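Trainee: I have a structure open and want to learn how to read it. Where do we begin?

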Amino acid sequence: MADSQLSASNTDSSASRTSATTDATSEGPQGETGEAPPTRDPQSSPTTAEDPGPSTGPLSLARRTLRAARARHARMNVADRIAFYGLLIGALTALVPLAQSLYDKAFPKNAVVLLVDVEKNPCMAGWILTPGNEHIKDVLWTSNEGQFARWEKENRIIHSGVVVAGVTARGAIGEAVAVRDISITVTGRGAPVRGTTTKRGGCGALDAPEYLVVDLDGLPLNHPVPISYLQNSPKQNEARKAAAEMGKPITLPRQVTRNGIYSFFLTGRTTRHDTSWIATITWWDGEEEHTQRIDDEGRPIRVSAEPR
């Protein structure tokens, strides 16, 4: 009898513990209903590590703009992306030379900066209009120098008989320098260009300090000829007379101080050939001798004899 009562007591105690455990579990983290709380979805949260929340500051605006650009890029197809990259590369290609030019002007590398202006307007330039371009004659006096430069690059017009280049040497950095020489090099020679000619003049006289006129037909090909030869050779007598009629001849050496200016005109003439030529200016900075090229925007200056 005692054993039966003990067994019953143990059974009741075990049932009581089981019931207590069940009640404790139902009132624990699962809440009173016994259901698990909903799991938090990080993507549904209004704030994340990448998006710190609404803001009106410039940094927030930049972030939103960048995300929008990324989203647009992700939606592009292959053709649109190729077109976009092409435009981007084209824009960068155009900006790099401009940035380099601005930098060079602000921080010049040389003590002398050369400004070269090959005369293109009808006041100072006669032209040969190549076959098929005779109509240009009607608009010569109403066109700007940019248009002349484009026609020249397209070989639609070529300087006829005489070409004039105005040169300004400006002192940029350091102490004064001495311009010691100006040489002329004929780089190409061929038969005169065929076409219709126009005449220059009718706009008044030039006002420049010094002049050098060169008869290009008497110079060797691809060999620099110094100014000392040009100003003394009997073959250049007629050219010297023409320079004297314009003004004073070039005299060297010439000092150019910082921010000082030395200007002169170079005139190349031909009666027999289609001629390309460049000039080279030589100057001394007190320690070293330097040379710089004078040309037509990176190309040799070109002039052709009038058609026969």
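Trainee: Let me start with a strand. Which residue is the bridge partner of I128 in β6?

Mentor: One point before that: this is a predicted model. Now the partner: I128 is bridged to T197 of β6. The strand pair behind this is β2, residues 127–129, and β6. Two bridges join them, and they run antiparallel.

Trainee: What is the order of the strands in that open sheet?

Mentor: Read across the sheet, strand by strand. The order is β3-β2-β6, three strands with antiparallel pairing. Then look for strands that pair on one side only. Here these edge strands are β3 (157–159) and β6 (196–197).

Trainee: Which helix packs on the sheet?

Mentor: Helix α4, residues 145–153. It touches β2 and β3. The direction of α4 makes about 100° with that of β3.

Trainee: How should I read one side of a helix?

Mentor: Start with the general idea. An α-helix has 3.6 residues a turn, so residues three or four places apart point the same way. Now take α4. Its buried residues are F148, A149, W151 and E152. Seen down the axis of α4, they fall within an arc of 165°, so they line one face of the helix.

Trainee: What do the buried residues of α4 pack against?

Mentor: They pack against β2 and β3.

Trainee: Where are the buried residues of helix α6?

Mentor: Helix α6 covers residues 237–246, and A239, A242 and A243 are buried there. Down the axis of α6, the buried residues fall within an arc of 100°, so they line one face. Turn to the face away from that buried side. It carries the exposed residues A244 and E245. The cover over the buried residues of α6 includes β7 and β10.

Trainee: Next, aromatic rings. How many aromatic pairs are there?

Mentor: The count comes to four. For each pair, check the distance between ring centres, then the angle between planes. W127 and F148 are 5.8 Å apart, centre to centre, with 10° between the planes. That pair is stacked.

Trainee: Why does the W127 and F148 pair tie together parts that are apart in sequence?

Mentor: Because W127 lies in strand β2 and F148 lies in helix α4, the pair ties together parts 21 residues apart in sequence. Both W127 and F148 are buried.

Trainee: Why is the pair of Y262 and F264 called tilted?

Mentor: Their ring centres are 5.3 Å apart and their planes stand at 45°, so the pair is tilted. Y262 is buried, with a relative accessible area of 2%. F264 is buried too, at 1%.

Trainee: Which residues do ring pairs link into a cluster?

Mentor: W127, F148 and W151.

Trainee: Now the inside. How many residues are in the largest nonpolar core?

Mentor: That core has 32 residues. Those with the most contacts inside it are F264, L266 and W277. Next, ask which elements supply it. Those giving two or more residues include β1 (112–118), β4 (162–171), β10 (261–269) and β11 (274–284). Strand β5 gives the most, with five residues.

Trainee: What is F264 in contact with, leaving aside neighbours within four places in sequence?

Mentor: The contacts are A165, G166, V167, I182, E210, I250, I281 and I294.

Trainee: Is β4 enclosed or exposed, and what shows it?

Mentor: Count its buried residues. Eight of the 10 residues of β4 are buried, so this strand is largely enclosed by the rest of the structure. Then find its partners. Seven bridges join β1 to β4, and the two run antiparallel. V118 stands opposite A165 in β4. β4 also pairs with β10, in the antiparallel sense, over nine bridges. There G166 stands opposite F265 in β10.

Trainee: One more residue. What does T280 touch beyond four places away in sequence?

Mentor: T280 lies in strand β11. It touches D181, I182, S183, T291 and Q292. Look at T291 again. The C-alpha atoms of T280 and T291 are separated by 6.5 Å, with the two residues 11 apart along the chain.

Definitions and conventions: Residues numbered from 1 in each chain as written. Predicted model: local features only at pLDDT ≥ 70, side-chain atom pairs only at ≥ 80, totals over all residues. Heavy atoms only, no water. Pairing = 2+ DSSP bridges. Helix = DSSP H or I, 4+ residues; strand = E, 2+ residues; numbered from the N terminus. Contact = heavy atoms within 4.5 Å. Axes fitted to C-alpha atoms, helices over the stretch in contact; angles between N-to-C directions. Phe/Tyr/Trp six-rings, centres within 6.5 Å; stacked < 30°, edge-to-face > 60°. Buried < 20%, exposed > 50% of the residue type's maximum accessible area, 1.4 Å probe, protein only. Core = buried A, V, L, I, M, F, W, Y, C linked by side-chain atoms within 4.5 Å. Arc of directions from axis to C-beta.
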